[in-house]
Amino acid sequence: MRRDITVSAEVRETRGKNEARRTRRRGLIPAVVYGSFQDPVSVAVSPKELLQILRSSTGYNTIFNLAINGGETTPCMLVDEQRDPVRGSLLHADLKRIDLTKRLRVSVPVTTEGEPAGVKQQGGLLEVVSRAVEIECVPDEIPEHFVVNVSELMIGQSKRAGDIALTDNMKLLSPPDTVIAHVVALRAEEAPAVAEAAPVAEAAPKAGEPEVIKKGKKEDEGGPAEDAKGKKK
């Protein structure tokens, strides 16, 4: 969507890591402008102004004016960026010139509205599967987002990309059967199994433990015992 926003840019005469560091110390970041069958131009822009655009309701689909000092003023979109992995701050940006008369491919966010009947009446759960669809349209007709009403959905029913209402000048590029949201049944919690008490087996003798043999007092039926020499004691 086109916005009445103008971002100023300076032409960078030199490139390289040292030049990029000097640019960032001045509160700017290096960027490249390309597209519309024109030569790429290396520029320096304000990261704060680009972040304001990204945080707006139109985000990456925002078309703004880039005013290059001593050069062109052209409609642009932010198509790629490099961020600091720790701080999340912008380090570099790729800007694309936009021809307002030609159709372009964009990804548009999708939101849902309403409470599904399958949630209220059947105790189901609404799951949002896809949060954006791709369309083709002219730059001035890029929508901020699409809204899909899910109020009538019952368990097992869904809303798909083909159900989104588009204007005559828009063309859906995402597969029409792409699921946007559906209502699913909640899984019943399984009752914990009650472990049956196993009968306690009699304790067996441990391996390696000598068996105790009970000896009684043996009575000799044949009189007094003899010693090794056969003499009676």
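## Basis of the model

This is a predicted model, in which local features need pLDDT of at least 70 and side-chain atom pairs count only at pLDDT 80 or more, while totals for chains, interfaces and linings use all residues. Residues are numbered from 1 along each chain as its sequence is written, and side-chain values use heavy atoms, with hydrogens and water left out.

Helices (H or I, at least four residues) and strands (E, at least two) are DSSP runs, numbered from the N terminus, and two strands pair if DSSP finds at least two bridges between them. Strand E3 (residues 38–45) runs antiparallel to strand E1 (residues 2–11), to which 3 bridges join it; here Glu10 has Ala44 in E3 as its bridge partner.

E3 is also joined to strand E2 (residues 29–35), again antiparallel, by 6 bridges, and Val33 is partnered with Val41 in E3. E2 and E3 form a hairpin with 2 residues between them, and Ser36 in that turn has a positive phi of about 60°.

## Helix H1

Within helix H1 (residues 17–25), the residues Glu19, Ala20 and Thr23 are buried, where buried means under 20% relative accessible area, exposed over 50%, and partly exposed in between (1.4 Å probe, protein chains only). Seen down the axis of H1, these buried residues fall within an arc of 100°, so they line one face of the helix; the arc is that of the directions from the helix axis to the C-beta atoms. The face of H1 turned away from the buried side carries the exposed residues Lys17, Asn18 and Arg25.

## Salt bridges

A salt bridge is counted when a side-chain nitrogen of Lys or Arg lies within 4 Å of a carboxyl oxygen of Asp or Glu, and by this rule the count comes to 8 salt bridges. One of them joins the side chains of Glu72 and Arg97 (3.1 Å, N to O). Glu72 lies in the loop between strand E4 (63–68) and strand E5 (73–83) and Arg97 in strand E6 (residues 90–97), so the pair ties together parts that are 25 residues apart in sequence. Glu72 is partly exposed at 24% relative accessibility, whereas Arg97 is buried at 2%.

In another salt bridge, the side chains of Arg105 and Glu134 meet (2.5 Å, N to O). Because Arg105 lies in strand E7 (residues 104–113) and Glu134 in strand E9 (residues 132–137), this pair ties together parts that are 29 residues apart in sequence. Arg105 is exposed, with a relative accessible area of 57%, and Glu134 is partly exposed, at 30%. The side chains of Lys159 and Glu152 also form a salt bridge (2.8 Å, N to O); Lys159 is buried, with a relative accessible area of 16%, while Glu152 is partly exposed at 42%.

## The largest pocket

The lining residues divide into 9 nonpolar, 3 polar and 6 charged, where Ala, Val, Leu, Ile, Met, Phe, Trp, Tyr, Cys and Pro count as nonpolar, Asp, Glu, Lys and Arg as charged, and the others, Gly among them, as polar.
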